[in-house]
Amino acid sequence: MTDETALHDYPSLFSLKGKVAVITGGSRGLGLNAASAFLQAGCSQVFITSRKAAACDRAVAQLNALPNLQPGARAISVPADSSTLAGIQSLVSQVRQHTSHVDILFANAGATWGAPFDTHPDAAFQKVMDLNVKSVFLCAQQFAPLLQKRATVDDPSRIIITASAAGLGVGTLGAQGTYAYSASKAAAIHLGRNLAVELGPRHVLVNAICPGFFPTKMANGLLAMTGGLAKHAAANPARRLGRPEDIAGVVVYLASRAGSHVNGAAIEIDGGSVWSHGGMHEAGVAEPKL
Ligand SMILES: NC(=O)c1ccc[n+]([C@@H]2O[C@H](COP(=O)([O-])OP(=O)(O)OC[C@H]3O[C@@H](n4cnc5c(N)ncnc54)[C@H](OP(=O)(O)O)[C@@H]3O)[C@@H](O)[C@H]2O)c1
């Protein structure tokens, strides 16, 4: 009879010891939250990329000062514009200067745009779709050789895509309408499912996360314009907004052995807001989402 209490090496189930991670949009916000978590979970190298070199350098200095890193572990600054193929190719070649393989790609960089339906600009739609959808595909494609290098059936590599609760439900409507953003995040979730089936046999698992509101630089403007932090927290079924640990817990789970049979999933990190109207629909007001 098999022993159903026997779990292989439980203490290492959530460990990322020795893993190499790349984080787009890693210089602040949710990407920086994830970088801190990856390093503290044991990663040996975490590459931080965003357009601004100074911002990447600042993030890396903060991360490398964390008190509980593995010996020799470090964050490395690799600035690049991940909205273009040339930028992503430059990113891959910078990463290759430090490592011959990557275990975790966190495709997290994103952009949003708020404008009314009648005047929603063509250029904004393009910008949002390029970064939130096309660049996710191109990052997966360009990093695939490095991701496959050490991946095996028992120790697969991972791609985690930052989508949004706005890609599951309707986004913000009205004066700050996020039509392109909401559509782009729905596309990112479905792209993740396609990549999960394509890359699973190559031992690269692909999942999306769907955050609700987290008070980051990107979200703070919209939060302020649509009633403020306290109002949004009160409308959330869990009665609060997202915190860094909420991102940390899910990305470490997805990247670790604990998540090694999860593929093609889209995990909400939103306190249940996507399934709730918070009473606002009764008042005829759509609850904003980012
Ligand atoms: N905060 C929320 O409430 C929320 C909710 C759902 C989903 N999300 C998603 O979470 C992700 C991270 O957003 P955040 O809230 O953490 O925003 P944030 O604090 O504004 O961070 C955005 C990051 O993306 C980088 N970035 C922007 N354009 C880039 C480009 N073309 N190439 C490379 N990097 C670029 C920024 O750095 P540079 O300016 O230096 O490039 C920055 O590091 C996004 O995909 C967003 O849509 C956020």
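Reader: At 17% relative accessibility, does K19 count as buried or exposed?

Author: In this predicted model, the relative accessibility of K19 is 17%. The limit for a buried residue is under 20% relative accessible area. K19 therefore counts as buried.

Reader: With which residue does the side chain of K19 meet in a salt bridge?

Author: The salt bridge of K19 has an N to O distance of 2.9 Å. It links distant parts of the chain, with K19 in the segment before β1 and its partner in the loop between α4 and β5, 136 residues apart.

Reader: By about how many helical turns are D130 and K134 separated in helix α4?

Author: The side chains of D130 and K134 meet in a salt bridge at 3.8 Å, N to O. K134 is partly exposed, with a relative accessible area of 42%. Because D130 and K134 lie 4 residues apart in helix α4, their separation is about one helical turn.

Reader: What is the N to O distance in the salt bridge between R240 and D246?

Author: R240 is partly exposed, with a relative accessible area of 27%. Its side chain meets that of D246 in a salt bridge, one of 4 in the count. The N to O distance is 2.8 Å.

Reader: Which strands stand at the edges of the open sheet?

Author: The sheet has 7 strands in the order β3-β2-β1-β4-β5-β6-β7, with parallel pairing. Neighbouring strands are turned by 20 degrees against each other on average, direction ignored. Two strands have a single partner each, so one side of each is left without a neighbour in the sheet. These are β3 (74–77) and β7 (266–269).

Reader: How many residues of β6 are buried?

Author: Side chains in a regular strand alternate between the two faces of the sheet. On one side of β6, V204, V206, A208 and C210 are buried, and on the other L205, N207, I209 and P211 are buried. Both faces of the strand are thus covered, and the number of buried residues is 8 of 8.

Reader: Over how many bridges do β5 and β6 pair?

Author: Strand β6 (residues 204–211) pairs with β7 in the parallel sense over 4 bridges, and A208 stands opposite A266 in β7. Strand β5 (residues 157–162) also pairs with β6 in the parallel sense. In that pairing, I160 stands opposite N207 in β6. The number of bridges between β5 and β6 is 6.

Reader: Why is the pair of F38 and F106 edge-to-face?

Author: The pair links helix α1 (residues 29–40), which holds F38, with strand β4 (residues 104–107), which holds F106, 68 residues apart. Both residues are buried. The ring centres are 6.5 Å apart, and planes over 60 degrees apart count as edge-to-face. The pair is edge-to-face because its planes stand at 75 degrees.

Reader: Is F117 buried or exposed?

Author: The rings of F117 and Y179 have their centres 6.1 Å apart and their planes at 80 degrees, so this pair is edge-to-face. Y179, in helix α5 (residues 179–199), is partly exposed with a relative accessible area of 25%. The corresponding value for F117 is 60%, so F117 is exposed.

Reader: What is the area of the nonpolar surface patch made by L7, Y10 and F14?

Author: Y10 lies in the segment before β1 (20–24). At 47% relative accessibility, Y10 counts as partly exposed. Together with L7 and F14, Y10 makes a nonpolar surface patch of about 340 Å².

Note on methods
Residues are numbered from 1 along each chain as its sequence is written. This is a predicted model: local features need pLDDT of at least 70, side-chain atom pairs count only at pLDDT 80 or more; totals for chains, interfaces and linings use all residues. Side-chain values use heavy atoms; hydrogens and water are left out. Two strands pair if DSSP finds at least two bridges between them. Axes are lines fitted to C-alpha atoms, for helices over the stretch in contact, and angles run from 0 to 180 degrees between N-to-C directions. Patches are made of residues with over 30% relative accessible area and no salt bridge: like charges are joined within 9 Å, nonpolar side chains (Val, Leu, Ile, Met, Phe, Trp, Tyr) within 5 Å. Accessible areas come from the Shrake-Rupley method with a 1.4 Å probe; for residues, only the protein chains shown count as cover. Buried means under 20% relative accessible area, exposed over 50%, partly exposed in between (1.4 Å probe, protein chains only). Rings of Phe, Tyr and Trp (its six-membered ring) pair if their centres lie within 6.5 Å; planes under 30 degrees apart count as stacked, over 60 as edge-to-face and the rest as tilted.
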